[in-house]
Amino acid sequence: MDPQAFIRLSIGSLGLRIPETTLNSIKPGIHYSPTCEIRLRGFPVQTTTVPLISSPETTPDIHSIASSFYLEDSDVKALLTPGCFYSSHACLEIIVFTGKKGSHCGVAVKRQQIGTFKLDVAPEWGEGKPVILFSGWIGIGKNKQESGKPGAELHLRIKLDPDPRYVFQFEDLTTISPQIVQLQGSVKQPIFSCKFSRDRGTHTDPLSSYWSNAVDSSDIELERRERKGWKVKIHDLSGSAVAAAFITTPFVPSTGCDWVAKSNPGAWLIVRPDACRPESWQPWGKLEAWRERGIRDAICCRFHLLSDSQEGSGDVLMSEILMSAEKGGEFFIDTDRQMRTTPIPSPQSSGDFSGLGPGGVGGFVMSCRVQGEGKSSKPLVQLAMRYVTCVEDAAIFMALAAAVDLSIEACKPFRRKLRRGSHRSF
């Protein structure tokens, strides 16, 4: 499998030194806890806090990451190309404020801008080599004073690292058991097949031992009141099952409503073949999903890694993502964006996933983009190359992606039973 080229732009080691004169000029009502907006053209604005540094001898941790952007080759080319509405190359811009917007005595108070740091996008961004673009202290803002007194100083470390990824796509709806291909430019290479079923399992199916004991024997009007028995198996090109996902906690409406609520989420178990016991499966992760009601409904997916063979024992939260019920969205595991510091064990104990600690590589692990309810969803999956050392490592994430995609449909509102005399039909 050949990866696609991506680069990771990381901004970290943030710290702010403020002279007393600047601190004294802060308007009343603003809680002084500095924040910054990190802007890069074509990407969503990222906001993070900036620690105050009081001692001149103190330097922020060089391994801390506050923000990351992931760029493809096409992104770098777009940033280097002048457009109709801008005449120069793009820049990374970091705007530092006194704190969050708030109020004082019931009157809204705006943030005060301390200063701005800018770094132009340069051709070296597209060379695919690790490079430190900036590291150290720099004066920012208006207080590089005529009096000669120092103004506010920002400490930061900006680094580029190659971050190659494998990109996969389900060629059709998950529910019709599509082929899964790897994308490399315009080339599509078949890697897996996906087998979806609503069967309860049989005595000859090794997965059947995991089905929920709460399932009753009646399937009458099943989809009207609960969604259960959904199962996805991922097969390699030889036809061997290399990963699977199946519902262990049915998706059912909560008391007094017709949707799956956070108080009683549906759940999937993500499993891999047990190397010690042929024809057996070993749990690897658990995905919970529910519907968040609002002006625009959202689907929340929460993923735990299971460290042992016992579901629910020693599990580690790795991701909790809200996606639009109507439009879909992106589920991801990323230690920078979610501030995780826990290592991810390799699905087959074949890869080294130990680099996710504070001093390790960390960063992006996987993402899965899916469509909203009732739309033709063909999940697009990206995996960081450094966490995939064999086909089985990739397969387990395909099973997770399939479970995320199916959770969008599993969390749709349930139809209520009709009262007598109603003329509507389902």
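Helices (H or I, at least four residues) and strands (E, at least two) are DSSP runs, numbered from the N terminus. The expected span of a helix is 1.5 Å times one less than its number of residues. Take helix α4, residues 391-410. Its 20 residues reach 28 Å from first C-alpha to last, close to the 28 Å expected at 1.5 Å a residue. Of those 20 residues, 17 are buried, so α4 is largely enclosed by the rest of the structure. Buried means under 20% relative accessible area, exposed over 50%, and partly exposed in between (1.4 Å probe, protein chains only).

This is a predicted model, in which local features need pLDDT of at least 70 and side-chain atom pairs count only at pLDDT 80 or more, while totals for chains, interfaces and linings use all residues. Residues are numbered from 1 along each chain as its sequence is written, and side-chain values use heavy atoms, with hydrogens and water left out.

**The whole protein**

The secondary structure comes to four helices and 22 strands. The protein has 426 residues, and 47% of them count as buried. It exposes about 21300 Å² (Shrake-Rupley method, 1.4 Å probe). Carbon and sulfur atoms supply 50% of that area. Contact means heavy atoms within 4.5 Å. Among contacts between residues at least 6 apart in sequence, 62% join residues at least 24 apart.

One residue shows such contacts in detail. S10 lies in strand β1, residues 6-17. S10 is buried, with a relative accessible area of 5%. Leave aside its neighbours within four places in sequence. S10 is then in contact with I65, S67, S68, R157, I158 and K159.

**Aromatic rings**

Rings of Phe, Tyr and Trp (its six-membered ring) pair if their centres lie within 6.5 Å. Planes under 30 degrees apart count as stacked, over 60 as edge-to-face, and the rest as tilted. By this rule the count comes to seven aromatic pairs. Two of the pairs are set out here.

| Pair | Centre to centre | Angle between planes | Kind |
|---|---|---|---|
| F117 and F134 | 5.2 Å | 55 degrees | tilted |
| F168 and F192 | 6.2 Å | 45 degrees | tilted |

Each pair links distant parts of the chain. F117 is in strand β8 (residues 113-120) and F134 in strand β9 (residues 131-139), 17 residues apart. F168 is in strand β11 (residues 165-170) and F192 in strand β13 (residues 187-197), 24 residues apart. F117 counts as buried at 5% relative accessibility. F168 is buried at 1%, and F192 is buried at 1%.

Ring pairs also link W284, F303 and F397 into a cluster.

**Charges over rings**

A charge sits over a ring if NZ of Lys or CZ of Arg is within 6 Å of the ring centre and within 35 degrees of the ring normal. The charged end of R165 sits over the ring of F364, 3.6 Å from its centre. R293 lies over the face of W259, at 4.5 Å from the ring centre.

**Cysteines**

A disulfide is a covalent bond between the sulfur atoms of two cysteines. Here it is taken as a pair of cysteine sulfur atoms within 2.5 Å. How many disulfides does a search of the whole structure find? It finds zero. C300 counts as buried, at 3% relative accessibility. C257 is also buried, at 14%.
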